[in-house]
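Q: I would like to learn how to read a structure one feature at a time. Where do we begin?

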Amino acid sequence: MSKKGRIVAFYSSKKTGLSSIASVSLKNKRKGQITIFIIAGMLLVAGILIFFLFRGGVIPEIGGKTESNPASFLDSCIDGKISEAGKEISISGGDLNPELYINFMFTDDGFFKNISYLCYTQNNFRPCVVQKPTLLLDMQNEIKDYISEDFKSCFSEMLKDYQSQGFYIGTSSGLDDFDVELEPRRITLKTNSEVTLTKSGETTTEEDLKVIVPSRLYEIVLTANEIASQESQFCYFESTGFVLAYPEFSIDKFIVESGVKIYTIMNDGTEEKFRFAVRSCAVPPGF
Amino acid sequence: MKLVKTKKSGALILGIIALFQIFVLTNAIPAESYSIGEIENAGRTASVEKKVPKLSPKFFSILVSFFAIKQIGFVSAIDENFNCCISGAETEDGIATCQDITPTQASGGECQGQVLSSRCEETSQCKTGTCVVGDGVSCSSSPKVTCESGGGEWVDKTPANVPECRRGCCIIGSGSRFETSTQCEIDGGNFNAGIGTEAACILAGQNLLQGACVTTGNACTFTTGIECGRRSGSFFKGILCTNSDLKENLDVECEASTQTTIKDDKIYWIDSCGNLANIYDADKIYEKDKSYWEIVSPPTCKVLDSNGNVIKNNLGTCGNLDRFRGTIAVEASEADVIPAYGNFAGKDLSCTYKDSVKNIDITKKNGEKWCIYEGSIGDIEGISSDTVGSEHWLARCENGDLKLEHSNYRDSVCAQRTTVVDLNGDGDTNDNGEGESFTTASLVPNQALACPSFNPLQDKKGKANQANIDACNANPHCAVRNVDVQKHNGKPTFYFSVCVPRYPTGFDDDSAAQTMCAAATQKCTQIYQKNIGSLWGSGSSWNDAAKINSECGNVEFSQKMNNLCVSMGDCGSYVNYEGQGSDNAQITYEKGGKSGKKPEKIPAIFSWTNYVKYSDRSQFANQIISLPEPEETSGEGDGSTNTGSTNQFEDIDPMGQLNEGFGEFLSSIFGNNNPTLRDINIQNTLGIGGTTMWGIAQFWSGVAPIGDSSYLAGYQTYTTELAANTAKAGIVTLFATIGAYAGAYIAQQLGISGGPAQMLVLAGGTAGGTLSYVYIATTSSPWALGFGIGALVIVGWIIISGFGTTEKRKINFACLPWEAPAGTTEADCNKCNENELFKCTKYRCESLGQTCQLLNGNTDNPICKSVQYENVAPVITAGSINATGYAFADEDVGKSVEIESPEENGCILEFGSVRFTLKTDEYAQCKWDFVERDVYENMENLPLEGTDSSKNHTFDLNGLSLGMLNAFDITEDVILGLHGDGKLYVRCSDVHNNINPTSYIVNFCINEGPDTTPVNFDSQTGVLAIPKNGATLPYGTNSTPFKIFINEPAECKYDGKPSTSYDLMNNTLECSTSPTPELLGRWGCETPLDNDLSLNPGENKIYIKCKDKPWETNESKRNTNVDDYLYKLFVTEDKLEIGSIYITVGGSRFDLTNNYTKVTGGVNQFSIDLTAQTSGGNENGKAECSYKFEQSPILYTGDRFFETNANTHKQKGLNLLNGNYNISIKCNDDFDNDGISNVAETSGTFNLNVDMSPPLIVRTYRDGNSLKLKTDESAKCAYSNQPNYCQSGSVSNGTSMTSGFSTDHSTSWNPGQIYYIKCKDIYDRESQLCARIIIPGVNVE
């Protein structure tokens, strides 16, 4: 059972206490005496104050700045960056600084991008050679690199925030000790850290904090991988069959010149898109 | 005696010779043909003036291997000279791995890594295998080195042969996906390896629900038999949960409803328990058709007509939809129709586009692919007719979207196949007399370049090379082209066949175009002869008409040659896809050497205007290229096949007619010599006898070299021996022969042929024979002498008069690369941009005119412009200024301009923002800098449009302040060149790379005087603030930090009351006063750490003012805002709350919120639907929710709800094992993705419990004449009076005590009988022995 579960149980017991106070106030109300009302109100207010005072790790939510537990804090701090990383890296073919790319601008983007070749041959009449067969792993590493600094900041911020609220904090593992995994329907940031928060004698421990961001990049990247693989074998990928079978995805193929294509895979639900280039079986005009 | 003996043997020899000569003479007439042929051959072997580059056999071998694949498939790359660059191959596009490079590239340092001497495929590191990631999460064809360096596991097999990569069907919830077992495991689905195709998998996902499953508590679930078995439910195959029998007998309470739901793209009715019923049909509501709610029934309504076309009116009333047939179920708001019932309707996924040719709307079904051409295609009327610039287009209809792909310089051709199919599954493909057609198409590699490799179509002896002809015909992208201009005496004299591309490709390389086109350059040699007129001293008189190849003077020659020329590619006189063209052939001639005369007629060039019709698609609207049937492996013809036959090649002399150009081209394929061609001609013309004699003549004459007319003399000698038939001695024959040879020699030397040549041979032979006879005769022979002298006279006359002399005059056809029309205008080029259907490409653009050029080719929106070549740099002029009161002044066109501000001194205000444009008189790319650079390339900055070519170039000047620099005592050139008077240097490069030699200078000055302008909040791009102005903050937020960015360093304050003077404002912001802007030319001001902005629910307003120049000690010089900047924030007034969460199991709902719910079932696996409902927040409860398993018996993770972004969030089909669960749910309402949202969380616990026990009888009693029982759960009980019933009986073969399933059971009370009772529950759990043995009156009173 996770430590989080223990926190839930703690809330539950406090709420039970609150209910009993409320029931007392109802009895007083039935007496219909204003004084009693006032006393009951005071008791209620006092009860609420006591509740929050002894509640331990509960922190008032101010401006969305802090959250009630480390996982939530991390989540709200880093999930936007993870989404941003996925978006930026995806439209470059899984590599922000590709070594093998075509510089191209799509009107919708409004700027030029270096779009990575996932499958490439410099020769004509030949099928391409897959350049990134481990695209899924590469993407995970790229996203990790992209958010690394922000993750450190968030983690530090989180600790600072709890410190400022009087918590004693114990952590294990370094700030770099996290991984990003593309999984079905989501991107998961997994830390290998353990955070212990102690206040007023009560200790909670969070292990292996996770941040989950809804995303279809996993499915999109596997599709890109498949397209590159088929281009290397057949110089072609049959996209119509794919999008009919999986209508939540669309695949656009932009032909730049003979053999050079830019594929854009898009998920209609999340509007995530992945762009990459292929140069395969090029036939130079005339010869 | 000796003499006599000699004479006898000599007579014998002479007799034989005489006999031989008789045979020869009988063939003298046909020998005319030979004479002509011989002369012509002499012409044919004339010098080759134009050397055409030969096509490398190696090149062809690569091509052939490339095209050996059928359309798409494995490409065999055969080239023995490649090395492998393992890593770091320097290509045009960057650094690549595993690239085949040439030795030259290798030695030239184009590989940074290791170079191996083999092709990559033959090296252990770059050999292609399968890269497996995560035990099959991803599998791709890959070289070993790239796979392993990326962390994958490489297997030396193709993906299909790697067990981890084999795909099967993964059933995930109520859907399916064709993927590997590992992927399926990650997806949380059930893997079925036995379903081996994607289509079968999709079908499997759609056919999972099959009947009513009645479980505990008379709950009914519509599910599969297998699933029902897992739940130990009673399965009623093909029965709906609304079935009346289930209601009556099993107390199932599911009722018909008018609600619908979507399942597998179809719309289904749902019952009151939430189960699927039959497919939605508005005519089948319960009141109208009760029977439709009884059993699973096939739909009777249709949304497609017999031809497979969508009946739009039925989309709101019929849920019988199928995305593979072009319809899909969507929410009513997304549909074009209003559903009669429920919230869902059908949507038509077909695609409609305008066919400009037929001027009609064409509708295509979802998933259809078809070809669109821009004019005529392929082999039409002896021409490979694809017009210049035209591409083959593949159109696809994908889920309602029309998408187009295209060839590139026609490197591929579009082929399609239409199949009549039984789309509706009614077994009839021909409903109402019409078939349901479905079209598929593909862009297949154009094998045009492989076509020349099928040549020669004749062997060296001129015989048809049937294997090659068949190969050419078998290739659907090649055609046999016959050029048949001239015949003589029924025999072709200018005739040849060549294998040419059926769909010729375009060229973007001049040398390639010249090489390919030059292959169709030809010379036609005409033969002219001097006539008899010269005999009578009337001077040189030549026949006006060519004796051979006269028709080369006709237009037919130029037409046929141009057709051949066009067939080679974009060559010759032809048209582009817009019907504009140019003439790109030359017809020249060579005069006769003796007469000095030119050929009788010179044909005109066959004009491009004759081909305009080929650009008119309407005239060829039915053309199509057939796509082979899938099962066929060989290339199939496209309907227009074969024109080459065996017979037509038998009598021709192809190489004989081929002259410079094509002859040279073909000889590179045929071989350089064709010495026996004329032998064939001779054999043909001489007939059988002649053929026989020909062989003997060769023997006798010592095999004269071909092309040498002494050959003719060889046999003409024998004709002169006619006179010698009466000779008495071999000497006579010998001299006659010598005379004939001499005559032939003279004929050859003087170019005499035909009759005159024969006369010379005969006269020479006669003279030799008769005069020698006179000389050796023992008696006077005046007749012989007369013959001899007469013969000599004839010889002399022929020689002197030149009678029969021939000469060659040539007509040359030069096939040149096609040139785009000259004199084009912007309107011509613009046609490329205007076509709504086809995007403009470089090829299409440049084919429209000499001046048409594609700009911005590295974008998805290139533009075709008329760009006349010139070498003049673009002229830069002032454009406009997008800042109030600013203007350009003192412009010196092409040299400089000044920006004047509305300020008194005309300078730009400090920190002012000025956006202005400069214009160029032609499309150009520009760069700018604050200092003059020596060359354009060294300029560092781009205008806002980047590297796009444009005529308008936009620049921004902002964030400039001299005062600030001075204030901070910055003396260095923080901004180079900015010293009060600034200059901005601009140069532009046009499309021809003409660059301004000197920069265009934009002069401006920064206002050094007193800055009288306060902070400008309303900059052009709006005020940047965090949170942004107008943002909505989460419920409960009572304070927040905020930060705004302003256009100059300043000190700022804010207050809750409007129009408060700066000094009286209560709250101070912390502002950056650094000389360097913090963000994009702006300086930030934020709330102090300990003083966040206080907020209330609802709208919050604050008013901000700033005082600039924070470094200024003299307060009077500082500028303070008079007007407030209003900054608003909203705080959500209602908390986002998750009102309830519940699970639905078998149609029963269990609320989870803070309650521990126990759900009991009969199987180990439960199918659970999880639902959460939200309220409050920014959007009245609309939120995005996800769930997570905090506790579960095995590792379950969680996900975003499948249905979310609404008030209700549903996740159907969670397949859970029995055990304890704690599910947490988190929702947020951040729909504007600004990172600020309300978040709500809750959790719930439940227990899934398997009922493993049989029902227990908890009470037995007598009620009147009945024996009654009560069980602890719904059960069915039965009894028997036989004692062995407990051991061997079951409820099913006992006497029933229960109607359906119930906790109450009864039977009649019969004392004296023993009741052996067994019971089973709804999960078929039955006690092994009897549940109870009752003896009335004994253990039950």
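A: With one residue: N1238(B) is buried, its relative accessible area being 2%. Keep in mind that this is a predicted model.

Q: Why does N1238(B) count as buried?
A: The cut-off for buried is under 20% relative accessible area. N1238(B) has 2%, so N1238(B) is buried.

Q: Where in chain B does N1238(B) lie?
A: N1238(B) is in the loop between β63 (1219-1228) and β64 (1239-1250) of chain B.

Q: Which residues does N1238(B) touch, not counting residues up to four places away in sequence?
A: Among them are P1034(B), Y1035(B), T1132(B) and L1136(B). The list also includes G1177(B), N1178(B), C1227(B), N1228(B) and D1229(B). With N1178(B) there is a polar contact between the two side chains, at 3.4 Å.

Q: Is N1180(B) buried or exposed?
A: The cut-off for exposed is over 50%. N1180(B) has a relative accessible area of 63%, so N1180(B) is exposed. Its place is the loop between β59 (1165-1175) and β60 (1184-1191) of chain B.

Q: What is phi of N1180(B)?
A: Phi of N1180(B) is near 55°, which is a positive value in a residue other than glycine. Chain A has a case to set beside it: R185(A), with a positive phi near 65°, is also a residue other than glycine. R185(A) sits in the loop between β5 (178-183) and β6 (186-191) of chain A.

Q: What is the relative accessible area of R185(A)?
A: The value is 27%, so R185(A) is partly exposed.

Q: Next, the peptide bonds. Which residue is joined to P456(B) by a cis peptide bond?
A: The partner is N455(B), and omega of this cis bond is about 5°. P456(B) is located in the loop between β28 (437-445) and α10 (466-474) of chain B. A cis bond is also found from I1026(B) to P1027(B), where omega is near -10°. P1027(B) belongs to the loop between β45 (1024-1026) and β46 (1031-1033) of chain B.

Q: How many of the contacts in chain B with a separation of 6 or more are between residues 24 or more positions apart?
A: Such residues account for 64% of those contacts.

Q: Now the two chains together. How is the size of an interface given?
A: Often as the accessible area lost when the parts come together. Between chain A and chain B the buried area is about 7300 Å², and carbon and sulfur atoms give 52% of that area. Chain A brings 73 residues to the contact, and chain B brings 98 residues.

Q: How many salt bridges does the rule find across the interface of chain A and chain B?
A: The rule finds 6 salt bridges there. One of the salt bridges in the model is between the side chains of K369(B) and E238(A), at 2.4 Å from N to O. The rule also finds 30 residue pairs in polar contact across the interface of chain A and chain B.

Q: Which helix gives the most to the side of chain A that touches chain B?
A: Helix α5 (residues 217-234) of chain A does, with 9 residues. The residues on that side of chain A divide into 37 nonpolar, 20 polar and 16 charged.

Q: Is Q122(A) buried or exposed?
A: Q122(A) is buried, with a relative accessible area of 18%. Q122(A) lies in the loop between β2 (112-120) and β3 (129-130) of chain A. Leaving aside neighbours within four places in sequence, its contacts include R279(A) in chain A, and E90(B), T91(B), Q99(B), I101(B) and Q105(B) in chain B. D100(B) is also in contact with Q122(A), and the Q122(A) side chain reaches the backbone oxygen of D100(B) at 3.3 Å.

Q: What does D187(B) contact, leaving aside its neighbours within four places in sequence?
A: From chain A, P184(A) and Y218(A); from chain B, I172(B), R177(B) and E179(B). D187(B) is in helix α6 (residues 181-187) of chain B. Its C-alpha atom and that of R177(B), 10 residues apart along the chain, are separated by 9.5 Å.

Conventions: Residues are numbered from 1 along each chain as its sequence is written. Chains are lettered from A and ligands numbered from 1 in the order in which they are written. This is a predicted model: local features need pLDDT of at least 70, side-chain atom pairs count only at pLDDT 80 or more; totals for chains, interfaces and linings use all residues. Side-chain values use heavy atoms; hydrogens and water are left out. Contact means heavy atoms within 4.5 Å. Buried area is the accessible area (1.4 Å probe) that two parts lose on being put together, summed over both. A salt bridge is a side-chain nitrogen of Lys or Arg within 4 Å of a carboxyl oxygen of Asp or Glu. A polar contact is a pair of N or O atoms within 3.5 Å; within protein, one must be able to donate a hydrogen and the other to accept it, and residues adjacent in sequence count only if both atoms are side-chain atoms. Helices (H or I, at least four residues) and strands (E, at least two) are DSSP runs, numbered from the N terminus. Ala, Val, Leu, Ile, Met, Phe, Trp, Tyr, Cys and Pro count as nonpolar, Asp, Glu, Lys and Arg as charged, and the others, Gly among them, as polar. Buried means under 20% relative accessible area, exposed over 50%, partly exposed in between (1.4 Å probe, protein chains only).
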